[in-house]
Amino acid sequence: MMQQKRSYSQSLADLKSRGIRLTPQRQVILQFLKETDEHPTAEQVYQKIGEQFPGISLATVYNTLNMLKELGVIREMSYGDMSSRYDGNDTEHAHLVCQSCNHVIDIMCPPQEMLATPDIAQHNFKIHSYRLEYYGACPACQSAQSFKSDAS
Ligand SMILES: [Zn+2]
Ligand SMILES: [Zn+2]
């Protein structure tokens, strides 16, 4: 069974059923992440939400992103010392990451298919989540690259 990305209204209903109410600002941040495929950084979320709530601070955006992550409705893709990107897709999935433009494409795949390797059972390891990213060139960057080589 392929899991689908949960929508904004599904996530909001889930939070409500757990007795969690979000302020309008936090709702807008959650909605933005649920409706974009961009996997934005906190700064990008801040810029976008700032158009609607000019008074919002970057600290509030960070706090909200952390809170939504703790609640399990969004995910953080942490890259060591580079800034994190945030993912409104809270189901298990893999990523295609373009190394030219940093575009991220979601690939929905159930973990039992992704990790069907006998090694794991052997180590008696309990898997809570996984992270799998393939790095390469997205279609737009591929055609830009072939355009460049055609011109030379
Ligand atoms: Zn690209
Ligand atoms: Zn994703």
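The model is a predicted one. Its secondary structure comprises seven helices and five strands. The protein has 152 residues, of which buried residues make up 16%. Among contacts with a separation of 6 or more, 52% are between residues 24 or more positions apart.

Two packed helices are described by the angle between their axes and the distance between the axes. Helix α2 covers residues 24–35 and helix α4 covers residues 58–70; their axes come within 10 Å of each other and cross at roughly 65°. Because of this angle, α2 is roughly perpendicular to α4. The crossing of α2 past α4 is right-handed. On the side of α2, the contact is formed by Q25, R26, I29 and L30, while α4 contributes T60, V61, T64 and L68. Sorted by class, the residues in this contact of α2 with α4 are four nonpolar, three polar and one charged.

Helix α4 also meets helix α3. The axes of α3 and α4 come within 9 Å and cross at roughly 115°. Here too the crossing is described as right-handed, with α3 passing α4. The residues involved are A42, V45, Y46 and I49 of α3, together with L58, V61, Y62 and L65 of α4. In terms of class, the contact of α3 with α4 consists of eight nonpolar residues, with no polar and no charged ones.

The loop between α3 and α4 contains S57. This residue counts as exposed, because 11 C-beta neighbours lie inside 10 Å, and a residue is exposed if that number is 12 or fewer. S57 and Q47 are ten residues apart along the chain, and their C-alpha atoms are separated by 10.0 Å.

Within helix α2 lies L33. L33 counts as buried, because 26 C-beta neighbours lie inside 10 Å, and the cut-off for a buried residue is 20 or more. Leaving out residues up to four places away in sequence, L33 touches I74, Y86 and G88. L33 and Y8 are separated by 25 residues in sequence, yet their C-alpha atoms are 8.4 Å apart in space.

Two residues deserve attention for their backbone geometry. Most residues other than glycine have a negative phi. H39, although not a glycine, has a positive phi of about 50°. H39 belongs to the loop between α2 and α3, the latter helix spanning residues 42–52. With 22 C-beta neighbours inside 10 Å, H39 counts as buried. N102 is likewise not a glycine, and its phi is positive at about 65°. The position of N102 is in the loop that joins β3 (93–98) and β4 (104–108). N102 has 12 C-beta neighbours inside 10 Å and therefore counts as exposed.

An unreviewed UniProt entry lists C98, C101, C138 and C141 under "binding site". These residues are spread over 44 residues of sequence, but they cluster in space, with a largest C-alpha distance of 8.1 Å. C138 is placed in the loop between β5 (133–136) and α7 (139–151), whereas C141 is found in helix α7.

How exposed are these two residues, and what do they touch? C138 is partly exposed, with 18 other C-beta atoms within 10 Å. Aside from neighbours within four places in sequence, C138 is in contact with C98, C101 and H103. C141 also counts as partly exposed, with 15 C-beta neighbours inside 10 Å. Not counting residues up to four places away in sequence, C141 touches C98, S100 and C101. C98 and C101 are therefore among the contacts of C138 and among those of C141.

Definitions and conventions:
Residues are numbered from 1 along each chain as its sequence is written. Chains are lettered from A and ligands numbered from 1 in the order in which they are written. This is a predicted model: local features need pLDDT of at least 70, side-chain atom pairs count only at pLDDT 80 or more; totals for chains, interfaces and linings use all residues. Axes are lines fitted to C-alpha atoms, for helices over the stretch in contact, and angles run from 0 to 180 degrees between N-to-C directions. Helices (H or I, at least four residues) and strands (E, at least two) are DSSP runs, numbered from the N terminus. Angles under 35 degrees count as roughly parallel, over 145 as roughly antiparallel, 65 to 115 as roughly perpendicular and the rest as oblique. A crossing is left-handed if the near helix is turned anticlockwise from the far one by less than a right angle, and right-handed if clockwise. Two residues are in contact if their C-beta atoms, placed from the backbone, lie within 7 Å. Ala, Val, Leu, Ile, Met, Phe, Trp, Tyr, Cys and Pro count as nonpolar, Asp, Glu, Lys and Arg as charged, and the others, Gly among them, as polar. UniProt positions are given in the numbering used here, feature names are shortened, and annotations may be inferred rather than shown by experiment.
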